[in-house]
Amino acid sequence: MTPQALIFSSLLLGAFVLLAGLYGLFYSIGTLRGARYLITAAYGCWVLQFLVTLSIIMLTPLGSGWKILIVASCLVYLRIPPVTWRHLRQLHGLHEGGRLNIR
Amino acid sequence: MYRSQKLALKYLTAAIVLFGVMTVAGLLTSIYYIRSDFLLNVLNFNTAKILHIDTLIIWILMGFLGSIYWFLPLEMEREVAGIGLAEVLFWVFCAAVTIVAVVFIVVQYGGGNEFSLWFINQGRKYVEAPRWAAIGIALVLAVFIYNIIATSLKARRVTGITGVLIADMVPLFVLYFDAFAAPTDMSIDLFWWWWLVHLWVEATWEILIACIMAWTLMHLLHSSRRIIENWLYVEVALVLGTGILGLGHHYFWIGTPSYWLAIGGFFSALEPLPLLGMVIHAIYDAGTQHMRVTNKPAFYWTLAEAFGNFIGAGVWGFMMTLPQINLFSHGTQWTVSHAHFAFWGAYACGVLAVLYLVLEQARGAEEMDGAAWKWSFALLNTGLFGMVGGLLVAGMAQAFYGRAIGGSTLSAFLSLQHQPWYTEGLWTRMIFGLVFAGGYVVLIFDLLNIGKRPAIARERVQQAAAS
């Protein structure tokens, strides 16, 4: 790995997780408030994360095994916010009689 | 108030004092990097660094003990069993920490013999405390475990949270015995030493803070126990599933088999996944409360815990955890940046949240709010973010110039000391360290005053009504 590739790859990897966090953040707040624009922004972040994933695959010298892991992670990240949110709603609905008035 | 809760207040007070010592020692350490002759022949760099990292461990640990001694009697609805012994050991713990700190500062180092191991310094990072003090810490932990188990048995009650806590006590205690080993083979030594350091920080402590935050959410947001316990099980499973074998991401340059690099890289690449779940949970809980709570500082520090953990451990960790990058970044200021951020997010913010919650309950405050906590929150977090930013830049420069270009040679190391990206990163760290220290001062002011006025007013009303 060249010195330039070292820094470039690590910045892409940091952006990869940061965008996953932003996707989760916007998705949660958007769902909480029922704000469609925030949910759109959330999916926008995931699309950016996907583009970062493509950049990692094409532009970095990481091993192919790691690249496969990153692609798989990118797909898993897509499902985490909706699945977690559904799980939380289900838990609250089960244990609090569905009293929560949030979307 | 239970005796256990009075003991909790002592532990939390000691924790916050050590937080201050850690901050001062950290500031000193940051100056050595800029002026290598700083305090020459007075206090060497190693001693300042030992004080910084050891007080970090001890203040967080004391914060955990204080938090659990506060919540446990409420959970079990009875006094903690063996509380008298725990009270005695608190003072033993404080005396041991003080003596060890004085020996570190005054004696600093000794010869390579048994005497040094027993009375001066064991010489292994994070567990430098001499053996007599390490035995004392083990004793404190043993009594702490007895307190939890015996209280649960006497109350004839094991809740989901206490069950997880009791299970966690076994590895927490057993792993600490690794602090006593002194193998002469450095590879073997470091191999097992990481078991203690990594598995405390990324496994057993994660469970401890998860249990403490579970109680915090129940008291702060009045969340349902069953919801909290269900989520606790999921989080503990995910954190342990990814964290334990993430151990391998430390096994660089110490002679361990190379398969550890792949194992460590794989599992630590999965570590951000549960952290994202925690962020979503925090937002969900905040949403259910519509951001309206009686204890705003505790609430905001709880949110900071979730976000700080994700960014510090998740984003910063993932930047450097894959083996091809870790080979170069390992042991640079880059790692230091990640460690600062992750410790702050995962543990320090959690302990501060509990501290505010405990003060609310101890002072009978009707509302915990004001300007001071906002200032301390802003200064501490800005200071921390600036420090980790500076360290990240310095660390990347170190990996780029010193490792990838220079090949880790002495000449590369020496030329790095004049590299602007590196030096400016270290200056940035020191300046934001001062901001952080300012935040600590405001924090102390706030902790001494917050929540007192309503209680005083209520007491006066009650006295007037009685007379």
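His222(B) counts as exposed, with 10 C-beta neighbours inside 10 Å; a residue is buried if 20 or more other C-beta atoms lie within 10 Å of its own, exposed if 12 or fewer, and partly exposed in between, with C-beta atoms placed from the backbone. The structure is a predicted model, in which local features need pLDDT of at least 70 and side-chain atom pairs count only at pLDDT 80 or more, whereas totals for chains, interfaces and linings use all residues. Residues are numbered from 1 along each chain as its sequence is written, and chains are lettered from A and ligands numbered from 1 in the order in which they are written.

Although His222(B) is not a glycine, its phi is positive, at about 55°. His222(B) lies in the loop between helix 7 (186-220) and helix 8 (225-243) of chain B; helices (H or I, at least four residues) and strands (E, at least two) are DSSP runs, numbered from the N terminus. The axes of helix 7 and helix 8 of chain B come within 10 Å and cross at roughly 165°, where axes are lines fitted to C-alpha atoms, for helices over the stretch in contact, and angles run from 0 to 180 degrees between N-to-C directions. Helix 7 and helix 8 of chain B are therefore roughly antiparallel to each other (angles under 35 degrees count as roughly parallel, over 145 as roughly antiparallel, 65 to 115 as roughly perpendicular and the rest as oblique). The crossing of helix 7 and helix 8 of chain B is right-handed; a crossing is left-handed if the near helix is turned anticlockwise from the far one by less than a right angle, and right-handed if clockwise. Helix 7 of chain B contributes residues including Ala203(B), Ile207(B), Ala210(B) and Leu217(B) to this contact, and among those from helix 8 of chain B are Arg225(B), Ile228(B), Leu232(B) and Val236(B). Two residues are in contact if their C-beta atoms, placed from the backbone, lie within 7 Å. The residues of the contact between helix 7 and helix 8 of chain B comprise eleven nonpolar, one polar and four charged, with Ala, Val, Leu, Ile, Met, Phe, Trp, Tyr, Cys and Pro counted as nonpolar, Asp, Glu, Lys and Arg as charged, and the others, Gly among them, as polar.

A positive phi, near 55°, is also found in Glu77(B), a residue other than glycine. Glu77(B) is located in the loop between helix 2 and helix 3 of chain B and is exposed, with 9 other C-beta atoms within 10 Å. Helix 2 (residues 45-76) and helix 3 (residues 83-106) of chain B pack at an angle of about 165°, their axes being 10 Å apart. This angle makes helix 2 of chain B roughly antiparallel to helix 3 of chain B, and their crossing is right-handed. From helix 2 of chain B, the contact draws on Thr47(B), Ile50(B), Leu51(B) and Ile58(B), and from helix 3 of chain B on Val97(B), Ala101(B), Phe104(B) and Ile105(B).

The contact of helix 14 with helix 16 of chain B has 21 nonpolar, twelve polar and two charged residues.

Chain B as a whole has 17 helices and zero strands. Along the principal axes, the C-alpha atoms of chain B fill a box of roughly 80 × 45 × 45 Å. Of the 467 residues in chain B, 51% are buried.

Chain A has three helices and zero strands. The radius of gyration of chain A is 17 Å, whereas a compact globule of 103 residues would have a value near 13 Å. The C-alpha atoms of chain A fill a box of roughly 55 × 25 × 15 Å along the principal axes, and buried residues make up 38% of the 103 residues in chain A.

The contact between the chains takes 35 residues from chain A and 32 residues from chain B. Helix 1 (3-33) and helix 3 (64-95) of chain A each supply at least two residues of the side that touches chain B. The largest share of that side, 17 residues, comes from helix 1 of chain A. By class, the side of chain A that touches chain B has 23 nonpolar, eleven polar and one charged residues.

Definitions and conventions: Rg over C-alpha atoms; globule rule 2.2 N^0.38 Å.
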